[in-house]
Amino acid sequence: MNVRDRTVGAVLVLTALSVALRLVGLGTRIAHWDEGRVAYWILEYAETGVVFYRPIVHGPLLKLLNAPLFGLLGASDFTMRLVPALVGGLLPLVALAFRHRLRDAAVVALAALLTLDPALLYYSRFMRNDILVAVFCFVAFAAVVRAIDFDDGRYLPVAALALALGFGAKENALAYVFAFVGAAGLLAGHRLAFAWYGGRASGSGVGSAVAVLQDLLRWGYAGTRRHVRAILGSAVAFLATVTYVYAPRGSVPSEGTYYSSCRGYDPIVGIEGAPTLGAALANPLRLPRLGWHTVGSTAELYACQWITPRTDDPNPYLEYAGELAAITGESSAALIGLAVAGFAVTLYRPGLPDDLVSFGFYWGAASLVGYPLITDIGGAAWLAVHVVLPLSLPAAFGAGALYGVGREARIDGDTASAAASVAVAALLVGSVLWSGYATSVAGPTDDDNPLVQYAQPSNDLRATLIETRELADRTDGTDVVLAGGNLTNPTSGGELDRRPNCADWFEITPLPWYFEAGGIEADCAPTGLAVDRALADDPPVVIVTETQANLVDDRIDDRYDRRVHRMRTTDTEYVYYVDGSRLSGAEPQPD
């Protein structure tokens, strides 16, 4: 094989490793609060066939993909994370799209970084939309780069489809678009700055900068004219894909429910006459109304949920920015260091800086500065994904430059420089491997793990939930009693009723996911008298908050094991009383 073949082969091997790292033990971590609530709603969609855009849940793409998976493979922590794991696992293949821009060593380094970076690895093993939107937008960027570099409009529909899927996954795809525009502006700015600096000696600095600007504008105009059909077709493909993903399915709820994120707001689009996807496909004359309703109402809901709140109630920007910088730096130190080094090398070497490297650095820096402004919670570790992914481009360039230095030193017989290069490379690789092991394998739920967000239960809860499911299979009637007023908050029913509807549903998350997936029947006992009545029926499992455990401690008998599990990383302790006597050799009771 020639060098290029070896490079492709290396990327393919790294991609296989990437997929394996994301699939092995994928279901072992207990579900995070976010995973549990969304997984429950996926089960709800699979059962009812009803889905519509709810901004707080983010884009519907995961629901549409996971619901058939649950039907095919069963509902489990492994299955719910399978799509993010596969999408994140295949990410290293995108490195091949840049092989015309990067040297072979840098292409392999990029694939390695996309395979092993701890933030990308951890959140590819996590059922959130962040890895999906990041990968799809990265693919869109790669397609646009190839469309520009090869003057080939056929890449533009690929970019449009990938970007539309990114929007279908999560709303911050719009932040990627802004980052692209901003990075392109900075790229044009440094082109102008270098033109001015280069022409200053001859007294034509301003004229040189103006000439470069004119060339850029002429190039953009000419390219647009050549590929106008591809651009228009891509716009249609983008809108059609967004409409397909966000279109309501099954039935359209009441306007109050549909626009629940816009309380006090008079909808412009509304739901009057809005068809579902099925109704529009059955009667294509309704497709224009479906498109108007879907795109328009999605934009309204997006603005109400994610834009207006940030202006009415600004977040503590410096606090959030400091947290994101600390999380990213601690988890992905090697990649960040390589990115800074790579950008510095291309910036200060003779000639113009490399456009791809500069763009990636500007994009990553903009993400680091911008995401704390738009996020609604602190400690959102998943945002590190959106910082390290673009920085992987200058980091790969930096790694390639390090390889080049070492290779030239070896050829020249400079043993000391070659040894230093090897030592630095070994330190970087060791840092990545150790951090990846510590965050995704050794302590995926530990509070000292920088990538663990606060709403992550302790992993020792899994054994208790496995026993709870086994007991539910052996028991008729109520399987779990939620005791105490802290866990109970009866709902009034309605279109978004959640089981168990006697519980404070969001307080006990992710338990509803495990109850629903395991066929576990739960009931509530908010008072001491209610607890007495519930215990009279010998439920196999009783759950209460640690602060109200006296309600159960004084009433339950000795055959129940008392276990305490944290439902969040540092607090929110629940006490689980498990009747272990029913587990040993007992036969399932008849239905």
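By class, the lining of the second largest pocket has 25 nonpolar, five polar and eight charged residues. Here nonpolar covers Ala, Val, Leu, Ile, Met, Phe, Trp, Tyr, Cys and Pro; charged covers Asp, Glu, Lys and Arg; the others, Gly among them, are polar.

Some ground rules. This is a predicted model, in which local features need pLDDT of at least 70 and side-chain atom pairs count only at pLDDT 80 or more, while totals for chains, interfaces and linings use all residues. Numbering runs from 1 along each chain as its sequence is written, and side-chain values use heavy atoms, with hydrogens and water left out.

Back to that pocket. Its volume is about 1100 Å³. Of its 38 lining residues, Ala 105, Ala 399, Gly 400, Tyr 403 and Gly 404 are the closest to the centre. What counts as a pocket? On a 1 Å grid over the protein atoms alone, a pocket is an open set of points where a 1.4 Å probe fits, with protein on both sides within 12 Å along at least five of seven lines; lining residues have an atom within 4 Å of a point. Volume is the space filled by probe spheres set on the points, with grid points joined across faces, edges and corners.

Which elements give two or more residues to this lining? They are helices H1 (3-23), H5 (104-116), H16 (333-348), H18 (384-412) and H19 (415-442). H18 gives the largest share, 11 residues. Helices (H or I, at least four residues) and strands (E, at least two) are DSSP runs, numbered from the N terminus.

Now the largest pocket. Its volume is about 1400 Å³. It has 37 lining residues, and Val 144, Val 145, Ile 148, Ala 184 and Trp 219 are the closest to its centre. Elements giving two or more residues include H7 (130-149), H8 (155-169) and H10 (205-226). H10 has the largest share, with eight residues. The lining splits into 25 nonpolar, six polar and six charged.

Next, disulfides. How many does a search of the whole structure find? Two. The criterion is a pair of cysteine sulfur atoms within 2.5 Å.

Cys 262 pairs with Cys 304, S to S 2.3 Å. That link is right-handed, with 115 degrees about the S-S bond. Cys 262 sits in the loop between H12 (255-258) and H13 (277-282), and Cys 304 in H14 (287-312), 42 residues apart. Both Cys 262 and Cys 304 are buried. Buried means under 20% relative accessible area, exposed over 50%, partly exposed in between (1.4 Å probe, protein chains only).

The other link joins Cys 502 and Cys 524, S to S 2.0 Å. It is right-handed too, with 75 degrees about the S-S bond. Cys 502 lies in the loop between S1 (480-483) and H21 (505-508), and Cys 524 in S2 (522-525), so the pair ties together parts 22 residues apart in sequence. Cys 502 is buried at 14%, and Cys 524 is buried at 16%.

Last, the backbone. Most residues other than glycine have a negative phi, and most peptide bonds are trans. Now the exceptions here. Pro 500 is in the loop between S1 and H21. Thr 509 and Pro 510 are also joined by a cis bond, omega about 15 degrees.

His 58 has a positive phi, near 75 degrees. It is buried, at 11% relative accessibility. Thr 572 has phi near 55 degrees, again positive. Thr 572 is partly exposed, at 24%.
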